[in-house]
Amino acid sequence: MDPFSHFEALLAETRLDGRYRTFIDLERIVGGFPKALWHRPDGQSREVTVWCSNDYLGMGHNPDVLSSMHEALLHSGAGTGGTRNISGTNHQHVALEAELADLHGKEAALLFTSGWISNLAALGTLGRLLPGCAVFSDALNHNSMIEGIRRSGAEKFIFRHNDVAHLEELLRSVAPDRPKIIAFESVYSMDGDVAPIAAICDLADRYGAITYLDEVHAVGMYGRTGAGVAEREGVANRITIVEGTLAKAFGVMGGYVAGPALLVDVIRSFADSFIFTTSLCPHLAAGAAAAVRHLKADSALRDRQQAAVARAKGLLEAEGFALAPTQSHILPVLIGDAHLCRQTSEFLLERHGIYVQPINYPTVARGQERLRTTEHPQKRSKMN
């Protein structure tokens, strides 16, 4: 087999299916969020409105965040010089971990270079080290959670999405004395729906399971201090381990887990993807800490964002658009065809200066292609 011909055929197949991924050249404009400059292939530039950013609150442009990053960059330099174990633990990391532990009301937190890595490390390590561990995973869990569970080698049980009865059926099928982890998300990023967290916690209590909650799309967005949906619903203390990101509502980069000091120490001590990875740049950690502090103290952005979401959802539904059953700030407009989804995205960009990336298989199932739109507190809708 000629490997180059094989790879060319694979890419040709994705183009034929409408799944070939293209990216436009964007330049974010500080102070103009969610506006950006689109640098076109013809060399021309055009201002566009970004409708699919995960910088949900525009914290990537926040003056407090930028100031903290500038100060750390001037004080500590660009990089860390190594892994956390080899000269790479900086004061900014320690301060941020303390801020995150406090945000979630947990004993400890551990910082990673991304949310993807934090799920891989935490689930992969805990599932591997607990003898006979059984992991119960929601059918729509993120790829990073799936990969972490797979890497752990633990026996996996997949329960139907948000189906508490099916989860209990699977829990009953396992010996009572086996270690158990229930892994699920609070806000699911493609449909925007929300997990029945309290009901899952009830089952965890009944069957002696660890709860592992991915709040990636909820931290900064929900709850009195922005700790997520579990805080909003008054059940944060019932979650064993919470996983989050610094790259969405907090506007910077990185991921983390927070939980009991013992479990956090086990992940720190045994997770390959933590031990052997160069640590996050100090200025990124400083910026993220500033974002966490800002959103802890001030809910104004959250309030404005929720109002913008309600308005946009009403406008989309009034125009007859089919939306996924969202309960959150994520507004997925269902298209149902990969080629049509891409054509719609291109039309919006060329004709209206609206950038929203098409979402196709394997991110969603075939026939579920969509435009995943996100409203922002700074944005004024063009739909009317």
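Tutor: Start with strand β2 (residues 35–39) and strand β3 (residues 45–50), which run antiparallel and are joined by five bridges. This is a predicted model, in which local features need pLDDT of at least 70, side-chain atom pairs count only at pLDDT 80 or more, and totals for chains, interfaces and linings use all residues. Residues are numbered from 1 along each chain as its sequence is written, and side-chain values use heavy atoms, with hydrogens and water left out.

Student: What makes two strands a pair?

Tutor: Strands of a sheet pair through backbone hydrogen bonds, either parallel or antiparallel. Here two strands pair if DSSP finds at least two bridges between them. The strands (E, at least two residues) and helices (H or I, at least four) are DSSP runs numbered from the N terminus.

Student: Which strands make up the open sheet of four, and in what order?

Tutor: The order is β1-β2-β3-β12, with mixed pairing. β1 (25–28) and β12 (354–355) are the edge strands, each pairing on one side only.

Student: How is burial read, and is strand β8 buried or exposed?

Tutor: Buried means under 20% relative accessible area, exposed means over 50%, and partly exposed lies in between (1.4 Å probe, protein chains only). In β8 (residues 210–214), five of the five residues are buried, so the strand is largely enclosed by the rest of the structure. Both of its faces are covered: T211 and L213 are buried on one side, and I210, Y212 and D214 on the other.

Student: Which strands pair with β8?

Tutor: Strand β7 (residues 180–185) pairs with β8 in the parallel sense over five bridges, and E185 has D214 as its bridge partner in β8. From β7 the chain passes through helix α7 (residues 197–207) to β8, a right-handed β-α-β crossover. Right-handed means that, with the strands pointing away from the viewer, the path from the first strand over the helix to the second runs clockwise. Strand β9 (residues 241–245) also pairs with β8 in the parallel sense, over three bridges, and there the partner of D214 is E243.

Student: How buried is strand β11?

Tutor: Four of the five residues of β11 (residues 330–334) are buried, leaving the strand mostly covered. Five bridges join β11 to the antiparallel strand β14 (residues 370–374), with R372 in β14 as the bridge partner of P332.

Student: How should I read aromatic pairs, and how many are there?

Tutor: A pair of aromatic rings is described by the distance of the centres and the angle of the planes. Rings of Phe, Tyr and Trp (its six-membered ring) pair if their centres lie within 6.5 Å; planes under 30 degrees apart count as stacked, over 60 as edge-to-face and the rest as tilted. By this rule there are two aromatic pairs. F112 and F274 are edge-to-face, 5.6 Å centre to centre with 75 degrees between the planes. F112 lies in strand β4 (residues 108–112) and F274 in helix α10 (residues 272–275), so the pair ties together parts 162 residues apart in sequence. F112 is buried at 3% relative accessibility, and F274 is buried at 6%. The rings of F136 and F157 have centres 5.0 Å apart and planes at 15 degrees, so that pair is stacked.

Student: Where does a charge sit over a ring?

Tutor: The criterion is NZ of Lys or CZ of Arg within 6 Å of the ring centre and within 35 degrees of the ring normal. The charged end of R366 sits over the ring of Y361, 3.9 Å from its centre.
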